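Please look over the structure below with attention to how its chains meet. The report that follows begins with the terms it needs.

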Amino acid sequence: MAKLTQLIDNEVFRAYTTYAAIVLIKMMLMSVITAYFRITRKAFVNPEDTESFGKGENSKKYLRTDPSVERVRRGHLNDLENIVPFVGIGLLYALSGPELSTALLHFRIFTGARIFHTFAYLIPLPQPGRGLSWAVGYSVTFSMAYQVLKTAWRL
Amino acid sequence: MAKLTQLIDNEVFRAYTTYAAIVLIKMMLMSVITAYFRITRKAFVNPEDTESFGKGENSKKYLRTDPSVERVRRGHLNDLENIVPFVGIGLLYALSGPELSTALLHFRIFTGARIFHTFAYLIPLPQPGRGLSWAVGYSVTFSMAYQVLKTAWRL
Amino acid sequence: MAKLTQLIDNEVFRAYTTYAAIVLIKMMLMSVITAYFRITRKAFVNPEDTESFGKGENSKKYLRTDPSVERVRRGHLNDLENIVPFVGIGLLYALSGPELSTALLHFRIFTGARIFHTFAYLIPLPQPGRGLSWAVGYSVTFSMAYQVLKTAWRL
């Protein structure tokens, strides 16, 4: 087990682990918010999900889209499109040996930006709040990718 | 190569590798099932995909949605939303030095739950089969995330 | 920091790092292309995104779908479905100790196939161009998954 423990003992890797877990948990919470709105707004997509409301025509009316549900789903997809690259590139970045302070700056800004993005999407806040928070997170991932490619480049 | 070999020689990491590969392959199979239903139901979304059925109006009728295709696509998206966090958090979890038996328990339950979830979605089984299997997989990932944050916490 | 530096010094891991970063950046560029088409085609999905075009009815007409926007979004989702498994399985594959030349062959073919796939989707090229490039990338990931399971199998 020694080798593994040594990896998690590295300060940069520990920081990466913490922030990656936080943003992945944040992303997973979107599923629960979607389920919450589906149930409170009674807006489902699978016929078998509405059967507890009665059989036949009576339950079919709940097979519909709801603006709040669709909004959460768009936020969830946006998380997949942005948080997943962060987790992947962030791992490579953490292994490329950056300064701890620089690494923490990247991880903290990204995590803050994505949490703000979720609130901006769900409340919703007027633009350009959501757009800017998206751009901040996106830029952080690009900055890490640049650092990774500079360190590891081997085509 | 020594360092890499030592990582894969770790029992927990080997178990993680095996189960992560299995659920990622399972997720990728959804693409093939989608393609199967698109072709057998003749339900496509890109005009260039229907050109083998003839030019113009004759092929345009195949640009449509089909309930079976949409069902598989929802299952695929649900996999992305759940299997991807498992693979990311599971990696950090495997590196955090858990007991082999505890780790195996997590990996096996998650993998079983997601395979059941796919069958529950595609057959489809009556609820709450699909919902429960989703919740089991979700809980396993959360349990690993908790363990990861407890071990690595470094904000 | 020693352990981490040794990982990135491994030739196979450096090659994986380079190609994984490239395909993740390629995937992230789909967001920018989507935004470009949303703005030039004036096709938005969130009411708050159209408010700069004026209040009320005047801006509501821009809440619509556009074929070009939808096409990029499908390409983006296809990337999520294919590049994310490549990054996950590729990491495990790189850690399983393959020959450098074999690993490079896998990474290069996958990266080339996905870049071609994006052009085939966006231009669009006539089929089977897009279908074949999808199948090539898919096969590469399966080949790596097979190698991973052969090396690490531990149920």
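## Polar links between chains A and B

A polar contact is a pair of N or O atoms within 3.5 Å, where within protein one must be able to donate a hydrogen and the other to accept it, and where residues adjacent in sequence count only if both atoms are side-chain atoms. In this predicted model, 13 residue pairs, both at pLDDT 80 or more, are in polar contact between chain A and chain B. There are also 4 salt bridges between chain A and chain B, a salt bridge being a side-chain nitrogen of Lys or Arg within 4 Å of a carboxyl oxygen of Asp or Glu. Arg130(B) and Asp49(A) are joined by their side chains in a salt bridge, at 2.9 Å from N to O.

## Extent of the contact

With contact meaning heavy atoms within 4.5 Å, 37 residues of chain A and 38 residues of chain B take part. The two chains, A and B, bury about 3,200 Å² between them, 70% of it on carbon and sulfur atoms; this buried area is the accessible area (1.4 Å probe) that two parts lose on being put together, summed over both.

## A contact of Phe13(C)

Not counting residues up to four places away in sequence, Phe13(C) touches Leu92(A) and Leu95(A), and within chain C it touches Leu7(C), Ile8(C), Leu91(C), Ala94(C) and Leu95(C).

## Basis of the values

Local features need pLDDT of at least 70 and side-chain atom pairs count only at pLDDT 80 or more, while totals for chains, interfaces and linings use all residues. Side-chain values use heavy atoms, with hydrogens and water left out, residues are numbered from 1 along each chain as its sequence is written, and chains are lettered from A and ligands numbered from 1 in the order in which they are written.
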